[in-house]
Protein chains: 2
Amino acid sequence: MVKPSAPSRERIVAGAADMISRRGLNATSIRELAKHAKAPLGSTYHYFPEGKGQLAAEAVRYAGGAVARILRKELEAGPVAGLRAFLALWRGIVVESDFRAGCPVLAVSVEEPAAGEVPPALAAAAEAFEDWERLLAEALREHGADPERAPGLAALIVASVEGAIAMCRAKRSMRPLDQVAQQLEALIAGALDRAA
Amino acid sequence: MVKPSAPSRERIVAGAADMISRRGLNATSIRELAKHAKAPLGSTYHYFPEGKGQLAAEAVRYAGGAVARILRKELEAGPVAGLRAFLALWRGIVVESDFRAGCPVLAVSVEEPAAGEVPPALAAAAEAFEDWERLLAEALREHGADPERAPGLAALIVASVEGAIAMCRAKRSMRPLDQVAQQLEALIAGALDRAA
DNA sequence: GCCCGAATATAACGACTGTCATAGCCCATC
DNA sequence: GATGGGCTATGACAGTCGTTATATTCGGGC
């Protein structure tokens, strides 16, 4: 089979994404990871023979893809609706974990790559960010935003939401995300009005 | 003396801040830290008897204070000047480290606190964010921004810059920070125009 | 000169890390 | 019912972790 035994494998990847979003990449051990996913340690090396780097990269791709899927769907109802879904998604993760979990893509981005190399997980993080930005920029353009400004606006949205998530965790308060949400909504509404 | 032997101690704290900004908190070992600061391992426990947590907290306070000092000074010339200095500061750190270093305050914010406890380093990170926001909000108000909107604007600035730094590291490109800089400048200019 | 406390050096502690090798299980196919 | 391969279980490896204890060196006050 091409996909030998999905359930266990996917559980490991999803568990890795969750764990990385809490502790960071370097601080997540494969042993704890296996235990958290109720999978044996040996299995992680069976499914991911290239080791931790491969597993981390897949976890980032998994999380990034899941977010992109939600974003794409909700953006069909317009940029503001998409933004709200994006914010609600992260809000849920932070609140439900009692400020212990955040964004795994951000967590991977904040770790020094080995000299001269670009670890696969970091490349996956860059791709995830770019996917999100592209989706947002397209939606903005399609709804009348200045096409030249849309990419910058999309980058601002992703950056500020990611930063706000981290700030919420530090302060143990949802206030930063709420503040950012309010500013971004006003900003987007203004950018779309231009063409109304 | 109240301050027994500043040079060695301060070198350790500054080195810790730098190292945390690269690798993250959990992945920074005290041994490497001591080596990096050219201080003996025993000395770190001499100066910081409470161990790693205390050292990390002091490192975050050190970095947060240094940024706040620069911010306060440059904001005297107005919010836009302060924003530019804030951006230039981080830009320099990311570029000079070849995308390997980022913001130590953000790095500390992205790590799961022990169950039920709030580690001192995380509290220090929350304080640093609040200091920066307060400085920016005050400058915005003093230069004619809507007093009710100033805190939200300040939060957006800090969050988006922090997020952009991480995105730059992932993409190995300064583009996100440049995009965010452009959007924020336009946004602030608009917010101040209201009162001109 | 001596001496005391601050600062450094060295070694060790148990626990944990990523990774690998090996042996055993379980279930589908012939 | 035997055979095989995907999966699991177990244990080991060399190395590092945070932390502590002990021994040594150093610099300035009597």
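Predicted model: local features only at pLDDT ≥ 70, side-chain atom pairs only at ≥ 80, totals over all residues.
A residue counts as buried when its relative accessible area is under 20%, as exposed when it is over 50%, and as partly exposed in between. Keep that scale in mind, because R84(A), with a relative accessible area of 47%, falls in the middle class and is partly exposed.

Let us start with the whole picture. Two copies of a chain are related by a rotation about an axis and a shift along it.

Now look at where the chains touch. The contact takes 45 residues from chain A and 45 residues from chain B. Do the two copies use the same or different surfaces to meet? They meet through the same surface, because 100% of the interface residues of chain A are also interface residues in chain B. The size of an interface is often given as the accessible area lost when the parts come together. For chain A and chain B, that buried area is about 3,900 Å², with 66% of it on carbon and sulfur atoms.

What holds polar partners across this boundary? The rule finds seven residue pairs in polar contact across the interface of chain A and chain B, counting pairs with both residues at pLDDT 80 or more. On the side of chain A that touches chain B, the elements giving two or more residues are α1, α6, α7 (120-142), α8 (150-171) and α9 of chain A. The largest share comes from α8(A), with 15 residues. Sorted by class, this side of chain A has 25 nonpolar, nine polar and 11 charged residues.

Next come the charged pairs. Side chains of opposite charge can pair when their charged atoms come close. Over all chains, the structure holds 22 salt bridges, and six salt bridges are found across the interface of chain A and chain B. One pair to look at joins R22(A) and E112(B), with 3.5 Å from N to O. This pair crosses between chains: R22(A) sits in helix α1 (residues 6-23) of chain A, while E112(B) sits in the loop between α6 (104-109) and α7 (120-142) of chain B. On our opening scale, R22(A) counts as partly exposed because its relative accessibility is 21%. E112(B) is also partly exposed, at 22% relative accessibility.

E185(A), with a relative accessible area of 24%, is partly exposed.

A second salt bridge joins D178(A) and R91(A), whose closest N and O atoms are 2.7 Å apart. It too links distant parts of the chain: D178(A) is in helix α9 of chain A and R91(A) is in helix α5 of chain A, 87 residues apart. D178(A) is partly exposed, with a relative accessible area of 36%, and R91(A) is partly exposed at 33%.

D98(A) has a positive phi of about 55° although it is not a glycine. You will find D98(A) in the loop between α5 and α6 (104-109) of chain A, and at 33% relative accessibility D98(A) counts as partly exposed. In chain B, D98(B) likewise has a positive phi of about 55° without being a glycine. D98(B) lies in the loop between α5 (79-96) and α6 of chain B, and its relative accessible area of 33% makes D98(B) partly exposed.

Conventions:
Residues numbered from 1 in each chain as written. Chains lettered and ligands numbered in written order. Heavy atoms only, no water. Contact = heavy atoms within 4.5 Å. Salt bridge = Lys/Arg side-chain N within 4 Å of Asp/Glu carboxyl O. Helix = DSSP H or I, 4+ residues; strand = E, 2+ residues; numbered from the N terminus. Buried < 20%, exposed > 50% of the residue type's maximum accessible area, 1.4 Å probe, protein only. Buried area = accessible area lost by both parts, 1.4 Å probe. Polar contact = N/O pair within 3.5 Å; in protein donor to acceptor, adjacent residues only side chain to side chain. Nonpolar A, V, L, I, M, F, W, Y, C, P; charged D, E, K, R; others polar.
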